[in-house]
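Take a look at the fold below. We will start with a sheet and then turn to a helix.

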Amino acid sequence: MLLTVKKVSNLLGVDTKVLRVLYKLSYLKLLHNQYVDIFQARALLLDEDVRYAAEAIARDFPKLTTDKRRLKTKFAKLLLERRGYVRTSALAKMFGKSYQWANVVARRKLTTVKVGGRLYVRVGDDKWREFVAEMEERRQTEG
């Protein structure tokens, strides 16, 4: 069912900017730049991570940028951080090693995702636990 953006935002309890962000990211289709399918919007906003990322972008960018790549990178970054991924720089800081070491270890031993030229590591899965146990074992044998 097609309704205006304002009605859909009132029914779903979100700001109209959130719907515009999802439109800019090509997740929503707008008819005549005014009407949106309420079922499609509701299905998207049921995912808490997607809702959080879209609201954060709408809050951070008062005027939506036309640079679609930048917007998609920001959205993906927020979504990954919300789902338990961290940058490899955080990995380097955790173990007191170099960024190059963190990138090599991430690619070889851990679950990674690359977004916008940056590598993100999944924290909390089985590979991560094995890696932390191995690093702990190394530290005990060295120290």
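**A sheet and a helix**

In this predicted model, three strands form an open sheet in the order β4-β6-β5, and their pairing is antiparallel. Strands of a sheet pair through backbone hydrogen bonds, either parallel or antiparallel. Which strands stand at the edges? They are β4 (85-87) and β5 (112-115). Each has a single partner strand, so one side of each is left without a neighbour in the sheet.

Now follow one pair. Strand β4 joins β6 (residues 118-122) in the antiparallel sense, over three bridges. Here Arg87 stands opposite Tyr120 of β6. A helix packs on this sheet too: α6 (residues 88-95) touches β4 and β6. The direction of α6 makes about 80 degrees with that of β4.

Next, move to helix α1 (residues 5-12). Which of its residues are buried? They are Val5, Val8, Ser9 and Leu12. Seen down the axis of α1, these residues fall within an arc of 100 degrees, so they line one face of the helix. An α-helix has 3.6 residues a turn, so residues three or four places apart point the same way.

What do the buried residues of α1 pack against? Their partners are β1 (2-4), α2 (16-24), β2 (30-31), β3 (35-37), α3 (38-45) and α4 (48-60). The face turned away from the buried side of α1 carries exposed residues: Lys6, Lys7, Asn10 and Leu11. Just after α1 comes Gly13, with a positive phi of about 75 degrees.

Notes: Residues numbered from 1 in each chain as written. Predicted model: local features only at pLDDT ≥ 70, side-chain atom pairs only at ≥ 80, totals over all residues. Heavy atoms only, no water. Pairing = 2+ DSSP bridges. Helix = DSSP H or I, 4+ residues; strand = E, 2+ residues; numbered from the N terminus. Contact = heavy atoms within 4.5 Å. Axes fitted to C-alpha atoms, helices over the stretch in contact; angles between N-to-C directions. Buried < 20%, exposed > 50% of the residue type's maximum accessible area, 1.4 Å probe, protein only. Arc of directions from axis to C-beta.
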